[in-house]
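These are my notebook entries on a structure I went through by hand. I recorded each item as I looked it up.

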Amino acid sequence: MMKKYTAGLILSGIFVFIGGCQMNMEQAMPVLSEKSVESVLLNAEGQSVGTALMKETAEGVSIHLQAKNIEPGEKAVHIHEKGSCVPPDFESAGGHFNPEKKQHGFNNPKGFHAGDLSNLEVDADGTINLSLTVKAVTLEKGSPHSLLDEDGSAIVIHEKADDYHTDPAGNAGKRIVCGEIKGS
């Protein structure tokens with residue numbers, strides 16, 4: 001009789017322990033947004049050259065860029081304030097996404113814009129396959145840092161590298177690729 005009682009107590013203890021662990025694991029895991037947005041990247045001729053997939057994560061907005069037929073070399077990439085990509089110059093995307101009204105550049109003492117991103121390298125074969133996370137923006141509607149405000153935003157690749165200092169755009173040159181960031 002004692003053996004059955006002891007075995008039952010041990011099994012009950014194990015289930016309580018496992019159940020307790022499961023509850024603690026659920027409490028410790030952050031709840032992430034399922035929000036994601038995919039943008040078609042257009043060149044100056046209005047042709048699709050790739051995609052940008054953005055997803056809300058605990059660390060910020062994860063962006064995965066895949067593109068082809070881009071001139072090789074170091075290029076600036078920024079998030080712009082309007083979700084409009086009218087070729088050939090993409091000026092319709094407006095300036096950099098800058099909800100805090102700062103100056104441009106990671107090395108600017110009065111900067112940086114929320115839409116300032118690190119330069120990317122286009123491979124010798126003209127392709128881009130890059131993932132990065134942007135902490136200064138969100139896909140959560142209603143936030144001043146949301147890329148999904150009333151008019152959306154855009155991801156833009158420039159012809160040259162960003163110097164990370166010069167306001168308003170880092171001397172990055174013409175806009176050569178643009179993708180609209182808009183929610184459903």
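Entry 1, a histidine in a loop. I began with His145, whose side chain reaches the backbone oxygen of Ala136 at 2.9 Å. The model is a predicted one, and I read each distance here as a computed value. I then looked up where His145 sits, and found it in the loop between β7 (128-134) and β8. Leaving out residues up to four places away in sequence, I listed the contacts of His145 as Phe97, Pro99, Glu100, Ala114, Ala136, Val137 and Thr138.

I next followed the chain to β8, which covers residues 153-158. Is this strand enclosed or open? I found six of its six residues buried, so β8 is largely enclosed by the rest of the structure. In a regular strand the side chains alternate between the two faces of the sheet. In β8, I noted Ser153, Ile155 and Ile157 pointing one way and Ala154, Val156 and His158 the other, all of them buried.

I looked up the pairing on each side. Strand β5 (residues 77-80) is joined to β8 by four bridges, and the two run antiparallel. In that pairing I found His78 opposite Val156. Strand β9 (residues 175-181) is joined to β8 by six bridges, also antiparallel. There I found Ile157 opposite Val177.

I then turned to Lys75, which lies in strand β4 (residues 73-75). Its relative accessible area is 4%, so I recorded Lys75 as buried, the cut-off being under 20%. What does the side chain of Lys75 reach? I found the backbone oxygen of Glu71, at 3.4 Å. Residues that Lys75 touches, beyond four places in sequence, include Ile157 and His158 of β8, along with Asn119, Leu120, Val122, Glu159, Lys160, Ala161 and Ile176. I also noted Gly173, which is 98 residues from Lys75 in sequence and 9.4 Å away in space, C-alpha to C-alpha.

I found a volume of about 180 Å³ for the largest pocket. Lys75 is one of its lining residues, as are Glu71, Glu159 and Ile176. Val177, which stands opposite Ile157, also lines this pocket. By class, I recorded five nonpolar, two polar and four charged residues in the lining.

Note on methods. Residues are numbered from 1 along each chain as its sequence is written. This is a predicted model: local features need pLDDT of at least 70, side-chain atom pairs count only at pLDDT 80 or more; totals for chains, interfaces and linings use all residues. Side-chain values use heavy atoms; hydrogens and water are left out. Buried means under 20% relative accessible area, exposed over 50%, partly exposed in between (1.4 Å probe, protein chains only). Contact means heavy atoms within 4.5 Å. A polar contact is a pair of N or O atoms within 3.5 Å; within protein, one must be able to donate a hydrogen and the other to accept it, and residues adjacent in sequence count only if both atoms are side-chain atoms. On a 1 Å grid over the protein atoms alone, a cavity is a set of points where a 1.4 Å probe fits but cannot get out, and a pocket is an open set with protein on both sides within 12 Å along at least five of seven lines; lining residues have an atom within 4 Å of a point. Grid points are joined across faces, edges and corners, and a volume is the space filled by probe spheres set on the points. Ala, Val, Leu, Ile, Met, Phe, Trp, Tyr, Cys and Pro count as nonpolar, Asp, Glu, Lys and Arg as charged, and the others, Gly among them, as polar. Two strands pair if DSSP finds at least two bridges between them.
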